Amino acid sequence: MPVRIGRTTQDRAKYDPYFDGYVSYKVKDPLEAPMSLIYGPRFFDLIKDSGREAILGLNRGLNNRSNTFSAALEANARTSDHLWALELGNEPDLYEFWKYPVATSPWNETQEGLDAANWAQDFINHWNEPLPILAAGGYAIPFAIEPSWPNLPYLVDVAYNQTIKDGTKVYNGHLYSLSNVTADGLNVEMNHRTTAADLNTLPISSSKLDNKPYILGETGFHGADYKMDATLGSAIQTVDKTLRGLSIGIQRMFYHQGTINQAFFNWWSSDSVNAPFYGAYFAALAVEGGGSILASDNGTDSFAQYVVYKKEKPFKVVLVNTEYYSGTGSRSATKFTLTGLENGPVQALRLTGPSSETSVSRLQSDPSLEPSIGGQYFSNDNCSLRGHKKFEKFTVQDYQLTITLSASEALIIYL
């Protein structure tokens, strides 16, 4: 699984070539994010030891180029085989808000674009190879919320010269739900209409104009942190967001993992596999073995439909019912009808749980009360899958198949 190392503390971190540890900081509360920290050369060994491709975030906000570039060169020397991309700064559109030294007011698209381009050019002059290596953009808000707000289209269309574009590997943005609901807004946040509308704001076309992939360098349920982030509803939205994102041309999505035990949206805690991971795992099962994916709905209701292709032939169909169910009263259900199929038996795998509000308990004394995929669940003791996988069996007749999904369920149909 590729990883991105950065986010909140990316522009607060100072590289110390003489520091013998991995990272050092002081906080009053162990769950608090540090406002400053140092890290040393051994930090990059962790990337190498993980054996994963990594996007490494580097500090631009503090405006210390020599320090940032020396860190980049050391990372390249220690773990070049695993450096997929390097990122100069995190969410630079918010630099003036954080009062970082690099930000000169007014921090608009002109100021930020000029500084981003200047940094990128200087970096390329120091870096040499391999190129392209930069992940450019990384804005917290993927679109212009007001005239001249820093944004990716300005970088591509105006600020970057050809040398910088040649040194850029991917363009990226960050995306959380734009609905800004309160803690009891799970029904809004998890809905397919919300997810599709949010994804439609991304400037993927700007990346395509430069013939570069577009990725979400950071994404998740929404910007705040509520208990609803740890629910089946969040898992359902993760399935929908992943598949919808892939269908509109996003190459990769890096879901945000915060400090261990600190955030409800985390896929894992120190002693549990949390509900959002069920959505991620289910989405991975959905696209496994496929070559492309098509969304066959227009994103205007609560019901998502995807077709995964293999060698240009339909391989799987994924249905997602993003309606909310509180756990009390009757649970709504919807019928999906597929046409143009070959007659005969098919099997399917279902992601479900007792309600949209269902989360994972530590003791897992009754797995039937928690999320499951085909009847299986992840053990909090060692992360292994437990239970017997149950495929549902259906029969296509007269070239069509009708299947019922309850609110907050998803289904993979293997054709």
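Student: Which residues make up domain 1 and domain 2?
Tutor: Keep in mind that this is a predicted model. The protein splits into two domains, with domain 1 running over 3-290 and domain 2 over 303-414.

Student: How far apart are the C-alpha centres of domain 1 and domain 2?
Tutor: The two domains do touch: 31 residues of domain 1 are in contact with 41 residues of domain 2. Their C-alpha centres, though, are separated by 31 Å.

Student: Which side chains meet in the salt bridge between domain 1 and domain 2?
Tutor: The count between the domains is one salt bridge, while 12 residue pairs are in polar contact across the interface. For the salt bridge, look for an Arg nitrogen within 4 Å of an Asp oxygen. At 3.5 Å, N to O, the pair is Arg-362 and Asp-271.

Student: Which element gives the largest share of the side of domain 1 that touches domain 2?
Tutor: The elements giving two or more residues to that side are α7 (186-189), α10 (232-247), β12 (272-273) and α11 (275-287). By type, the residues on that side divide into 16 nonpolar, 11 polar and four charged. The largest share is nine residues, and the element that gives them is α11.

Student: What are the helix and strand percentages over residues 305-412?
Tutor: An unreviewed UniProt entry annotates that stretch as "domain: Beta-glucuronidase C-terminal". Its end C-alpha atoms are 10 Å apart. As for secondary structure, residues 305-412 are 0% helix and 49% strand.

Student: How many residues apart are Asp-122 and Arg-65?
Tutor: The structure holds 16 salt bridges, and the side chains of Asp-122 and Arg-65 form one at 3.0 Å, N to O. Asp-122 sits in helix α4 (residues 109-127) and Arg-65 in helix α2 (residues 65-79). The pair links distant parts of the chain, and the separation is 57 residues.

Notes: Residues numbered from 1 in each chain as written. Predicted model: local features only at pLDDT ≥ 70, side-chain atom pairs only at ≥ 80, totals over all residues. Heavy atoms only, no water. Domains from an automatic or database assignment. Contact = heavy atoms within 4.5 Å. Polar contact = N/O pair within 3.5 Å; in protein donor to acceptor, adjacent residues only side chain to side chain. Helix = DSSP H or I, 4+ residues; strand = E, 2+ residues; numbered from the N terminus. Nonpolar A, V, L, I, M, F, W, Y, C, P; charged D, E, K, R; others polar. UniProt positions renumbered as here; feature names shortened; annotations may be inferred.
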